[in-house]
Protein chains: 2
Amino acid sequence: MTTVLVCDDAPLAREAIRRAVGAVPGVERVTAAGSGEEVLARFPIERPDLVLMDVRMPGIGGVEASRRLVAAHPDAAVVMLTMGEDPDGVARAVSAGARGYIAKDASREEVAATVALALAAGREGPAARAQRVRPTGAPPALTEREQQVLDGMSRGKSNAEIGRELYLSEDTVKTHARRLFRKLGAADRAQAVALGFRWGFLR
Amino acid sequence: MTTVLVCDDAPLAREAIRRAVGAVPGVERVTAAGSGEEVLARFPIERPDLVLMDVRMPGIGGVEASRRLVAAHPDAAVVMLTMGEDPDGVARAVSAGARGYIAKDASREEVAATVALALAAGREGPAARAQRVRPTGAPPALTEREQQVLDGMSRGKSNAEIGRELYLSEDTVKTHARRLFRKLGAADRAQAVALGFRWGFLR
DNA sequence: GACTCCGTCACCCGAAAGACTGAAGTCTGA
DNA sequence: TCAGACTTCAGTCTTTCGGGTGACGGAGTC
């Protein structure tokens with residue numbers, strides 16, 4: 001009986017992850033919690049084989065919850081959920097006992113693979129996975145132009161249209177766009193917009 | 001002395017709107033508030049010629065704030081800021097005394113034009129502008145495939161990559177993408193991602 | 001049975017995007 | 001004063017995107 005406990009304060013994300021994890025072969029039961037405190041309270045009762053926990057939550061965050069959980073139950077397997085907004089937190093969580101992490105922008109397949117790995121692995125060294133943490137510690141600092149270009153992208157404007165709005169040439173907009181992509185780690189404007197929302201540059 | 005009071009709980013959006021409004025000819029002073037309550041408190045003191053207020057805010061939302069403001073000060077000119085997520089709320093706000101609304105995905109020019117119009121107009125009938133509210137009251141219903149394609153887009157995947165993830169041909173992905181754009185009213189994948197976040201399909 | 005919606009795939013086409021350079025002006029801060 | 005960031009623009013190149021259109025099978029509906 002392999003059970004997984006998913007913890008995220010956002011109901012939508014929680015259910016999405018539940019579905020993804022539920023599809024992993026070998027996982028019979030997936031339960032959900034809405035806070036780190038709830039995980040600490042329920043872990044001794046449910047004894048899940050794996051805890052998937054969001055890094056950022058109200059109350060004690062995922063990092064502190066992971067630390068306390070592993071301190072109280074050294075056999076607990078914790079995998080952090082992150083959306084790249086807090087790589088330092090992930091690093092601390094991993095060093096505090098989490099077995100790995102999954103980026104929330106990962107595909108369903110990647111989630112499944114990571115969960116399966118975490119379940120299968122005898123405690124793999126945290127260092128191995130900690131390397132996957134993004135090197136950029138702080139939220140990227142966007143210049144005003146980059147912010148404006150990002151904003152235009154989110155409104156479905158082409159580079160030429162953004163240029164006309166800002167009284168710039170299309171080439172200049174493309175230059176700002178390229179640097180924007182580098183800073184955000186985006187492959188294209190669609191991902192840039194997604195990361196813009198997650199970093200709070202857009203809303 | 002024409003002054004405009006901008007109210008939005010998000011500092012970034014607030015500043016962006018401030019800048020846009022500040023560029024409108026005839027506007028000498030733009031002040032900013034962070035909540036509906038703050039607007040109600042400051043309006044009698046500052047007596048701005050126009051209040052730009054976000055529909056959705058913590059505490060009393062823009063609708064209720066607009067209603068109370070106009071009830072207390074019938075000469076108050078309120079224009080709602082919306083991002084299309086709550087057309088009913090806009091309609092109620094307009095019927096409750098708001099003079100119009102501006103979509104947040106509007107261009108700077110559109111913002112300027114609407115502000116100038118709201119300032120210049122003797123009280124135009126609310127009905128005239130209320131028609132601009134999007135006819136689609138409910139969030140668009142996305143099929144599972146469209147949701148999956150949207151998700152892939154938000155992760156920066158190309159259509160071909162999404163196709164490989166979902167075991168589909170690139171052409172099929174493009175078909176789903178095209179229908180997705182139609183449903184969301186998006187011009188391209190970047191705007192589709194933005195609308196996906198605003199409708200809650202992505203997070 | 002007719003109709004509609006979804007999912008699948010294919011073709012063509014022009015427009016746009018994004019990567020790669022190089023360069024020059026402004027402005028700030030060490 | 002000088003380094004460095006920001007901003008501006010330009011060129012070339014390949015890839016991708018998005019629109020238009022058509023098609024076929026299946027599921028559900030009227």
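**Exercise 1.** How many residues surround DNA strand C, and which are the closest?

*Solution.* The model is predicted. Step one is the count: DNA strand C is surrounded by 19 residues. Step two is the list of the closest, which draws on both chains: Lys174(A), Arg189(A), Thr143(B), Arg145(B) and Ser169(B). Step three sorts the surface near DNA strand C by class, giving ten charged, seven polar and two nonpolar residues.

**Exercise 2.** Find which atoms of DNA strand C face polar side-chain atoms of Lys174(A), Arg182(A) and Thr143(B).

*Solution.* Start with the base: a nitrogen there is 3.0 Å from a polar side-chain atom of Lys174(A). Turn to the phosphates: one phosphate oxygen lies 3.2 Å from a polar side-chain atom of Arg182(A), and for Thr143(B) the distance to a phosphate oxygen is 2.7 Å. Then assign elements: α9 of chain A and α9 of chain B each give two or more residues to this surface. The most, six residues, come from α9(B).

**Exercise 3.** Describe the surroundings of DNA strand D in terms of contacts and elements.

*Solution.* Begin with the count: 18 residues surround DNA strand D, with Thr143(A) and Arg189(B) among the closest. Next, take the phosphate contacts: the side chain of Thr143(A) places an N or O atom 2.6 Å from a phosphate oxygen, while Asn159(B) uses a backbone N or O atom at 3.2 Å. For the bases, a nitrogen is 3.2 Å from a side-chain N or O atom of Thr175(A). Finally, α9(A) supplies the largest share of this surface, five residues.

Technical notes. Residues numbered from 1 in each chain as written. Chains lettered and ligands numbered in written order. Predicted model: local features only at pLDDT ≥ 70, side-chain atom pairs only at ≥ 80, totals over all residues. Heavy atoms only, no water. Near = heavy atom within 4 Å. Polar contact = N/O pair within 3.5 Å; in protein donor to acceptor, adjacent residues only side chain to side chain. Helix = DSSP H or I, 4+ residues; strand = E, 2+ residues; numbered from the N terminus. Nonpolar A, V, L, I, M, F, W, Y, C, P; charged D, E, K, R; others polar.
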